[in-house]
Amino acid sequence: MTSTSTPPGLTRFNELEEQAASAALHEVCASTAWTRRLLAARPYATPDGLYAASDAAMAELTGADLAEAMAGHPPIGRPEPGDPTSAREQSGMSGAGDGLRAEMLELNLAYQERFGHVFLICATGRSAEEMRDAVRDRLGNPPEKEREIVRTELGKINRIRLTRLVEEDRRRMSTDTTASVSTHILDTSAGRPAEGVAVRLSARPGPQAAWQELGGSATDADGRCKDLPALPEGTTHVRLDFEVEPYFLKKKAEAQQDAPAHRDSGAVFFPEVAITFAVTAGEHYHVPLLLNPFGYSVYRGS
């Protein structure tokens, strides 16, 4: 569907000083040439104009430009600490077991040895198994074909990130007509924020209605999710699903150091935590999760 009006987020982007706009675009794509082309084409009347400019700029990138763009992406399954964007996009890896993670690491290394750069795929919405199968299939490609596949995948990622940029102000304005939600996680057994936990947000318009999954994010270095999706108008109930098992498997040595030895079976007692609560339009709900290996608590914060 073609956009016919300029949303507030796009207007804000159009009006940014060049340095600030450049920084915003660099968060989308690390290619300097891509950023310059999109800056030069401002202002954009519609989101579709922005997305088309991104596609055109991507088509013109040289091999060196593509390498620069790829350098901004961490390996699949290993997002950089403090990079909630990549963690959110790679959330399909959050529930992967140790065996699959080890296999993915081996395949990533084989890919990098063959092609000289990180394996890149638009990971949004893909499961860990789908990403593993993709890298397996692409290992057999000739370098020229693989470079064009990478170009296509980068274009998809850029469009998703630009969409979030354009809709940012729309999410912030959502409290005028509906509730808004935020959360953060504290690992009480370690006395610090829980980083890298995938969080999914769902909503429904009544107690008997079906849940609609709206999307998700991942906690940053402060344990916070700063970019959860907006709630639709008419939302009366919200559910937050926290995928805590991967976090505790990774942090087991620290998180379970005080647990009784006979209870340390190696399994995570609560692999997922689901919190459901009622909301009222016009109000903000901050719901912190206090977490330890054998229990949790939540409350409405401020």
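Arg136 is partly exposed, with a relative accessible area of 40%; partly exposed is the range between buried (under 20%) and exposed (over 50%), computed with a 1.4 Å probe on protein chains only. The side chain of Arg136 forms a salt bridge with that of Glu103, at 2.3 Å from N to O. A salt bridge here is a side-chain nitrogen of Lys or Arg within 4 Å of a carboxyl oxygen of Asp or Glu. Glu103 counts as partly exposed at 24% relative accessibility. The model is predicted, so local features need pLDDT of at least 70 and side-chain atom pairs count only at pLDDT 80 or more, while totals for chains, interfaces and linings use all residues. Residues are numbered from 1 along each chain as its sequence is written, and side-chain values use heavy atoms, with hydrogens and water left out.

Glu103 and Arg136 also belong to a network of salt bridges that takes in Arg132 and Asp133. The helices involved can be examined next. Helices (H or I, at least four residues) and strands (E, at least two) are DSSP runs, numbered from the N terminus. H7 and H8 pack at an angle of about 30°, with their axes 10 Å apart; axes are lines fitted to C-alpha atoms, for helices over the stretch in contact, and angles run from 0 to 180 degrees between N-to-C directions. H7 and H8 are therefore roughly parallel to each other, given that angles under 35 degrees count as roughly parallel, over 145 as roughly antiparallel, 65 to 115 as roughly perpendicular and the rest as oblique. H7 passes H8 in a left-handed crossing, a term for a near helix turned anticlockwise from the far one by less than a right angle, right-handed being clockwise. Residues in contact (heavy atoms within 4.5 Å) include Glu103 and Leu107 of H7, and Arg132 and Arg136 of H8.

The whole structure holds 12 salt bridges. One of them joins Asp55 to Arg159, with the closest N and O atoms 2.7 Å apart. Asp55 lies in helix H4 (residues 47-59) and Arg159 in helix H9 (residues 143-172), so this pair ties together parts that are 104 residues apart in sequence. Asp55 is partly exposed at 31% relative accessibility, and Arg159 is partly exposed at 35%.

Another salt bridge connects the side chains of Arg200 and Glu243, at 2.4 Å from N to O. Arg200 is in strand E3 (residues 198-204) and Glu243 in strand E6 (residues 237-243), 43 residues apart. Arg200 is partly exposed at 21% relative accessibility, whereas Glu243 is buried at 15%.

The nonpolar side chains come next. The largest nonpolar core has 45 residues, and Trp34, Leu50 and Leu162 have the most contacts inside it. Such a core is a set of buried Ala, Val, Leu, Ile, Met, Phe, Trp, Tyr and Cys residues joined through side-chain atoms within 4.5 Å. H9 gives the most to this core, with six residues. Beyond its neighbours within four places in sequence, Leu50 contacts Leu10, Phe13, Leu38, Tyr44, Leu162 and Val166. A second, separate core of 26 residues includes Ile185, Leu228, Leu231 and Leu291.

The axes of H3 and H4 come within 9 Å and cross at roughly 140°. H3 and H4 are therefore oblique to each other, and their crossing is right-handed. Trp34, Arg37 and Leu38 of H3 make the contact with Leu50, Ala53, Ser54, Ala57 and Met58 of H4.
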